[in-house]
Amino acid sequence: MSNPAVEPDASGTTENSVDAALRTVEHQISLFWRRGRALSQQLSREVHPDMEPAAYGLLTVIRREGPIRLTELASCIGVGKPSVSRQIAFLESIGLVSKEADPLDGRAQTIRLTPKGEEKMHQVQDARREVFRERLGEWPVEELQTLAAYMAKLNATYERDGFPKDEANRPGLNPST
């Protein structure tokens with residue numbers, strides 16, 4: 001028994017070609033994600049040898065957002081408060097973050113980078129940008145802009161479906177940090 005032929009839709013593509021394209025996209029995103037995780041692992045170890053990549057991610061959000069409450073931090077990255085609390089306790093124990101009374105609500109605490117945390121993140125993020133420059137510096141600017149536009153479109157699709165929004169695009173925030 002043979003499979004029925006797939007008819008092209010109005011755009012001239014077939015269901016099979018869409019499926020094939022989606023498989024290719026899935027493969028490339030998975031590959032990029034694995035490499036990104038490996039880079040995060042490496043960067044987190046540069047901050048502190050015992051640091052997990054999740055803690056490094058928290059430091060980047062804290063650096064970008066400034067003083068932030070634990071619940072807001074958990075919301076920014078889309079994980080539970082207990083997971084974030086454990087990582088913050090570790091970061092506090094190695095002197096990279098501190099907690100202080102929230103000026104808007106003395107019962108709550110905000111988390112901020114310490115001067116040591118700020119310096120470490122500055123060093124590591126400079127190194128991260130250099131990695132991007134080494135990997136992508138030869139690309140034409142137009143291709144970099146196209147890549148950024150497609151990645152932004154993909155992220156917006158996920159945000160529409162309920163994933164945490166990219167707070168770096170709010171006015172006044174620096175998306176490169």
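Glu65 counts as buried because its relative accessibility is 18%; buried means under 20% relative accessible area, exposed over 50%, and partly exposed in between (1.4 Å probe, protein chains only). This is a predicted model, where local features need pLDDT of at least 70, side-chain atom pairs count only at pLDDT 80 or more, and totals for chains, interfaces and linings use all residues. Residues are numbered from 1 along each chain as its sequence is written, and side-chain values use heavy atoms, with hydrogens and water left out.

**Salt bridges overall**
- The whole structure holds 8 salt bridges, each a side-chain nitrogen of Lys or Arg within 4 Å of a carboxyl oxygen of Asp or Glu.
- Side chains of opposite charge can pair when their charged atoms come close.

**A buried pair**
- Glu65 joins Arg64 in a salt bridge, at 3.4 Å from N to O.
- Arg64 also counts as buried, because its relative accessibility is 18%.

- Arg86 and Glu52 form a salt bridge, with their closest N and O atoms 3.6 Å apart.
- This pair links distant parts of the chain, 34 residues apart.
- Arg86 sits in helix H4 (residues 81-93), and Glu52 lies in the loop between helix H1 (15-47) and helix H2 (53-65).
- Helices (H or I, at least four residues) are DSSP runs, numbered from the N terminus.
- Glu52 counts as partly exposed because its relative accessibility is 35%.

**An exposed pair**
- Glu134 and Arg135 meet through their side chains in a salt bridge of 3.6 Å, N to O.
- Arg135 is exposed at 57% relative accessibility.
- Glu134 is exposed too, with a relative accessible area of 53%.

Definitions and conventions
Helices (H or I, at least four residues) and strands (E, at least two) are DSSP runs, numbered from the N terminus.
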